Structure formats: structure tokens, C-alpha cells
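User: Hi! Could you walk me through this protein chain?
Analyst: Happy to, here it is.
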Amino acid sequence: IIESNGDCTDLDFTFVGFTFAAAHSHPTAGQGCDPFGMFSGGDILQLANMSSTFDGLGRQFFNTYTFILTYNGTAFAIKYGSEEAVDALESLKNNNESINYFRKAFEDEFQSLADLPGESASLQELKEKLFLILDDYGLDIDLYEAENDSQGFVESWSKVNKDDLLKEPCY
């Protein structure tokens, strides 16, 4: 699922029980736009869209929703960290004024990290800002980062620790 694999567009998943997943990519800086090298506010809201689709069962199965982002050869995923996070994010999604502020917070915070217009911040800086914004909104959402094999394909995932940004292998 990594962009640098050329024309490869296949995505293989191993499903265990209930699994709801979506994947997408963001354009890179060379494509003439201001890129998000990390999840945007709209991306985070997609978790709420996924969990609200299933007639109130989203809270019960909070750990089954996965939203994947590939950017510049790296894959990331977000998942709810708790049942309460489902309620908090769905509440945010259902308030149009809050949605606008939420999306703008990501745009402003990420762009403030770039030294020059059109430049992207480092992944470390983006992860740090992501967690700060999520914390500001009381959202317990976990971030995962893929580990790639020698051909650039995802071979495993690590959970990014919110406090020190160190990666903890998933088993």
C-alpha cells in the first residue's frame, strides 16, 4: 500500500472477527499543493463516519475501525483507543461549528511547522502535533506506523506512544 511501489494498487488484509478499514494517500509536496504528511482533521472525522454507519454498534466494536494513510513511502493507521473516544468524535462530527474549528486546527498547526510555504514538517513534528490536537479535543485515538520490508511493502505495525513518540511493536 506504499506509494513508492509504482503501479501496485492491491491491498491485502487478514480479517479477524469484525474489521472495518479504509485506506487513502495524500499527495506529496512535489505535486503542487500544501501537503499533510499526517492525518488531517477530515481524515480523523472519517473514523466517526465509519463507526456511526453501524446503527449504534460503533461504540461496542470501537477497536475494529482502522483508517490508513500512506504518505511519501510511509503508512500510518489510526484507531479508536477507547469506547469513550467513539462518543467524543461522533459528538464533534455532529456539530457543524466544531467540525470547522477541528479541521482548521489541523491545517493551522501543521502549516505552522513548515519553514517555507509548501514545505512539509518532519514526521516527528507531525506526530507530536497530531497528538496535541487530539488531546485538545479529548480524543483517545491511537496512531500506528508501518514497518516495511526491503521491497517497500508493509510487513508489521507499531503503535506510536503518545508521550514519547517511540514505537511499540504490535503482536
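Predicted model: local features only at pLDDT ≥ 70, side-chain atom pairs only at ≥ 80, totals over all residues.
User: Thanks! How many helices and strands are in the protein chain?
Analyst: The protein chain has four helices and six strands, taken as DSSP runs (helices H or I, at least four residues; strands E, at least two) and numbered from the N terminus.
User: And what pattern do they follow along the sequence?
Analyst: The order is β-α-β-β-α-α-α-β-β-β.
User: What share of the residues is buried?
Analyst: Of the 171 residues, 41% are buried, meaning under 20% relative accessible area with a 1.4 Å probe, protein chains only.
User: Which residues touch the most other members of the largest nonpolar core?
Analyst: F39, I44, L47, Y80, L89 and L143 do, in a core of 35 residues. Such a core is a set of buried Ala, Val, Leu, Ile, Met, Phe, Trp, Tyr and Cys residues joined through side-chain atoms within 4.5 Å.
User: Which element gives the most to this core?
Analyst: That is α3, with six residues.
User: Switching topic, where is N94, and is N94 buried or exposed?
Analyst: N94 sits in the loop between α2 and α3. Its relative accessible area is 60%, so N94 is exposed, the cut-off being over 50%.
User: How far apart are N94 and A48 in space?
Analyst: They are 9.5 Å apart, C-alpha to C-alpha, and 46 residues apart in sequence.

Methods
Residues numbered from 1 in each chain as written. Heavy atoms only, no water.
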